[in-house]
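These are my notebook entries on a structure that I went through element by element. The sequence and the coordinates come before the entries.

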Amino acid sequence: MLRFENVGMRYGIGPEVLRDVSFSLAPGSFHFLTGASGAGKTTLLKLMYLALRPTRGLIHLLGRDISMTPRHELPALRRQVGVVFQDFRLIDHLSAVENVAMPLRVSGVLHAEVDAHVRELLSWVGLGDRLDARPSTLSGGQQQRVAIARAVINRPRLLLADEPTGNVDDRIALRLMHLFEELNKTGTTVVIATHSNALLEEFGHPVLQLDDGELDVRRTPSRSRS
Amino acid sequence: MFAGRSDLPFERDQSTRFLPWIVALMVFLGALMFAGALVVSSTISSWDSTLTGRMTVQVPHAAADDAAIDKLVAMLRETSGVARAAPVPDDIVRDLLAPWLGEGAIDAGLPVPALIDVELAPGARVNAALLAARLSDAIPGTAVDDHRAWLSALIDLGRAVEFLAYAILALIASAAVIAVVFTTRSGLAVHATIIELLHQMGAQDRYIAGQFQLQAMMLAARGGVAGAAAAAGVLFAIGWLARGIDSAFLPEISLSPFEWIALLIVPGTAIVIAMLTARLTVLRALARMP
């Protein structure tokens, strides 16, 4: 699904923010990505969703070597990757339905299909009654769910979420995590970037630990969940 | 859903508010320049077609008796390329000279030369110098004027004015391109977050460029229509004012229906320039993204 080989990344002539990062994600796996602020989590996520090109090393996504992939073929790969941003990045002049429909529109899916899929998905995340609401009129948790719906509407094979539980209370955080697990059960590979040790312990998925630009893969024993 | 709405909130972009005004001004000036070039061009054509196929033979007053005129007319009619040769009646010569010399001067016995109007066959070329030499041999002092001397200077001037008008049009188009480039770049900066988002979702560059292109088209169309309407008003006014002037010196300052339609090229070109410039500016900027 995704493989990093000795990836290094620096911005301009600055120091390397990632050094010799190597790991591999199997299809259908669930990982947490953690590390202190400034450890390089956001940069690693950006490399995963192809917003950046590494300064060295190789990235293989869905069987393609990114460094060898022509630029015009990258959009098709990006459509296989859903991203939930920490700040949601919902477009304020569009309604919840329109926000969620954007990836389909970008992919050129027909209008009728878009409408049906989007309404169904928003209902599934519990926003069936807020379809036409503007993001600014939604609560933080509701915005979060719109962002998640937008990230998964295209049925991505890889789902990346940057601190998805950072702005919501524990109850909603737990609910969101269950949502990600549901998606994972349908075969989607999931990577959740988080600071929360409680979350790591609660769900017990393998952890990609970033420490000062270097990556370590470890397994956290999970607490039994009721 | 969407109902033709753009992913990018252009209506919140302050810089786009000026583009219709800029385009309107450009189209207004461009349409006036283009109309000027068309008027000059049609005037040159009219001079060319009216005078190129004609010559005037001047017979000195002293030698201009009926026999001499008949002899010259006969010689001219036998000349290859001459379609028609006929003496210009005295009253017409008098009418032609009256504005310059006054009625009294001619009646006072001023030695006015006799004129023979010569019309050439379409496309025919007659060497005026050789013809003048032949006619002068028959009737000394006879001269031939093919109007080339002053006509070519006038046509050169007209062509220079026409070229200048098109050069100014090109400058106006360049200024429009620069205005669109800056507006588009400003739009790219304002909407950078959403563009990044669309890029991450897998939008092709042409999808994002298409939205800027559509926006530029709408803004340019708004400005183009306003500028063209204002230019049409000014051209109507100039045409109306020129109708009251009866002078042989001025060309006819009016546009044919075809030329009015041709003027639509200016706002049309402005819209196409705006669309293409916006598209290319965005594509160039996006090409720098991974």
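**Entry 1: Chain A as a whole**

I first listed the secondary structure of chain A and found seven helices and 10 strands. I note at the outset that the model is predicted.

I then looked up the overall dimensions. The C-alpha trace of chain A spans about 45 × 45 × 30 Å along its principal axes. For 226 residues a compact globule would have a radius of gyration near 17 Å, and chain A, with 17 Å, therefore agrees with that expectation.

I next checked burial and contact range. Of the 226 residues in chain A, 42% are buried. Among contacts in chain A with a separation of 6 or more, 67% are between residues 24 or more positions apart.

**Entry 2: The sheet with S1 and S2**

I traced an open sheet of four strands in chain A, with the order S2-S1-S4-S5 and antiparallel pairing. Its edge strands are S2 and S5 (64–65) of chain A, each of which pairs on one side only.

**Entry 3: H5 against H6**

I examined helix H5 (residues 140–152) and helix H6 (residues 170–185) of chain A, whose axes come within 11 Å and cross at roughly 10 degrees. An angle under 35 degrees counts as roughly parallel, so H5(A) is roughly parallel to H6(A).

I recorded the residues that make this contact: Gly141(A), Gln144(A), Ile148(A) and Val152(A) on H5(A), and Ile172(A), Leu176(A), Leu179(A) and Leu183(A) on H6(A).

**Entry 4: Where chain A touches chain B**

I turned to the interface, where 22 residues of chain A are in contact with 15 residues of chain B. On the chain A side, the elements that give two or more residues are helix H2 (74–78), helix H3 (96–107) and helix H4 (111–124). Which element gives the most to this side? I found that H3(A) does, with seven residues. The side of chain A that touches chain B divides into 14 nonpolar, two polar and six charged residues.

**Entry 5: Burial of H3**

H3(A) is mostly covered, with 10 of its 12 residues buried. The buried residues include Glu98(A), Asn99(A), Met102(A) and Pro103(A). I then asked what covers the buried residues of H3(A). The cover includes H4 and H5 of chain A, together with helix H7 (192–200) and H8 of chain B. After H3(A) comes Gly108(A), with a positive phi near 80 degrees.

**Entry 6: Arg222 in chain B**

Finally, I looked up Arg222(B), which is placed in helix H8 (residues 205–243) of chain B.

How values were computed. Residues are numbered from 1 along each chain as its sequence is written. Chains are lettered from A and ligands numbered from 1 in the order in which they are written. This is a predicted model: local features need pLDDT of at least 70, side-chain atom pairs count only at pLDDT 80 or more; totals for chains, interfaces and linings use all residues. Axes are lines fitted to C-alpha atoms, for helices over the stretch in contact, and angles run from 0 to 180 degrees between N-to-C directions. Angles under 35 degrees count as roughly parallel, over 145 as roughly antiparallel, 65 to 115 as roughly perpendicular and the rest as oblique. Two residues are in contact if their C-beta atoms, placed from the backbone, lie within 7 Å. Ala, Val, Leu, Ile, Met, Phe, Trp, Tyr, Cys and Pro count as nonpolar, Asp, Glu, Lys and Arg as charged, and the others, Gly among them, as polar. The radius of gyration is taken over C-alpha atoms; the globule rule is 2.2 Å times the number of residues to the power 0.38. A residue is buried if 20 or more other C-beta atoms lie within 10 Å of its own, exposed if 12 or fewer, and partly exposed in between; C-beta atoms are placed from the backbone. Two strands pair if DSSP finds at least two bridges between them.
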